[in-house]
Amino acid sequence: MGGPGRGGDRRRGARPRWLRAGVAPAWTAALALTAAGVVGLALPPVGPVPFLAAAAFGLGSTVGTTVLIAWADRVSSTPGPAVSAFFVALLLGQAVGAPLSSALLPVGVLPAFGVAAVLVLAGAALPAPAAVAEPAVR
């Protein structure tokens, strides 16, 4: 029942806490945390709001990238290319999102960041890729 170095299953023992409920719930939670951070960064900088918003955004982004790596392991028998594909999709989203947010800034910071947060949350509505079946051990 141990993790790495204790004779346990690598996948089960080394699983980060936020992945224990599964990849799809962890993805949704990561996007929700990231979106909350985005909205928080648009709020007036009063007290700990900017710090908490930046922390939520950073933690959500970090958890999200961890989830992408775990997801790639589930959807492909060769996870390296799957990780690359997930990260290319992530980078394309950032490449579209940054100019879009900048274009909306003349309307106001809150509307621009609000649209960004909605688009981040929309990622949670995407269907989860199907897992690859484990080969039967004979």
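A residue counts as buried when its relative accessible area is under 20%.

**Figure 1. Overview of the predicted chain.** The model shown here is predicted. Buried residues make up 25% of the 138 residues in the chain. The chain has 5 helices and 0 strands, and along the sequence these elements follow the pattern α-α-α-α-α. Counting contacts between residues at least 6 apart in sequence, 59% join residues at least 24 apart.

**Figure 2. Confidence along the chain.** The mean pLDDT of the chain is 82, with 80% of the residues at 70 or more. Among the elements, the lowest mean pLDDT, 49, belongs to helix 1 (residues 10–13). The highest, 93, belongs to helix 5 (residues 109–122). Over residues 1–12 the pLDDT is below 50. Beyond near neighbours in sequence, this stretch has 10 contacts in the model.

**Figure 3. Helix 2 against helix 5.** The axes of helix 2 (residues 23–42) and helix 5 come within 8 Å. They cross at roughly 180°, and angles over 145 degrees count as roughly antiparallel, so helix 2 and helix 5 are roughly antiparallel to each other. On the side of helix 2, the contact is made by Leu31, Ala32, Thr34, Ala35, Val38, Val39, Leu41 and Ala42. Helix 5 contributes Val109, Leu110, Phe113, Ala116, Ala117, Val120 and Leu121. Sorted by type, the residues of this contact are 14 nonpolar, 1 polar and no charged.

**Figure 4. Leu110 in helix 5.** Leu110 is placed in helix 5 and is one of the residues that make the contact with helix 2. Its relative accessible area is 46%, and Leu110 is partly exposed. Leaving aside neighbours within four places in sequence, Leu110 is in contact with Ala42 and Leu43. Leu41 lies 69 residues from Leu110 along the chain, and the C-alpha atoms of these two residues are separated by 8.8 Å.

**Figure 5. Gly114 in helix 5.** Gly114 is also found in helix 5. Gly114 is partly exposed, with a relative accessible area of 23%. Between its C-alpha atom and that of Ala35 the separation is 8.6 Å, although Gly114 and Ala35 are 79 residues apart along the chain.

**Figure 6. Trp27 and Trp71.** A search of the whole structure finds 2 aromatic pairs. Trp27 and Trp71 form an edge-to-face pair, with 5.7 Å centre to centre and 65° between the planes. This pair links distant parts of the chain: Trp27 is in helix 2 and Trp71 in helix 3 (residues 49–75), 44 residues apart. Both Trp27 and Trp71 are buried.

**Figure 7. Trp71 and Phe86.** Trp71 also forms an aromatic pair with Phe86, and this one is tilted. The ring centres are 5.9 Å apart, with 35° between the planes. Here Trp71 in helix 3 is linked to Phe86 in helix 4 (residues 79–104), 15 residues apart. Phe86 is buried, as is Trp71.

**Figure 8. The aromatic cluster.** Trp27, Trp71 and Phe86 form one aromatic cluster. Trp71 takes part in the edge-to-face pair with Trp27 and in the tilted pair with Phe86. Trp27 comes from helix 2, while Trp71 comes from helix 3 and Phe86 from helix 4.

How values were computed
Residues are numbered from 1 along each chain as its sequence is written. This is a predicted model: local features need pLDDT of at least 70, side-chain atom pairs count only at pLDDT 80 or more; totals for chains, interfaces and linings use all residues. Side-chain values use heavy atoms; hydrogens and water are left out. pLDDT is the predictor's confidence in each residue, from 0 to 100. Helices (H or I, at least four residues) and strands (E, at least two) are DSSP runs, numbered from the N terminus. Contact means heavy atoms within 4.5 Å. Axes are lines fitted to C-alpha atoms, for helices over the stretch in contact, and angles run from 0 to 180 degrees between N-to-C directions. Angles under 35 degrees count as roughly parallel, over 145 as roughly antiparallel, 65 to 115 as roughly perpendicular and the rest as oblique. Ala, Val, Leu, Ile, Met, Phe, Trp, Tyr, Cys and Pro count as nonpolar, Asp, Glu, Lys and Arg as charged, and the others, Gly among them, as polar. Rings of Phe, Tyr and Trp (its six-membered ring) pair if their centres lie within 6.5 Å; planes under 30 degrees apart count as stacked, over 60 as edge-to-face and the rest as tilted. Buried means under 20% relative accessible area, exposed over 50%, partly exposed in between (1.4 Å probe, protein chains only).
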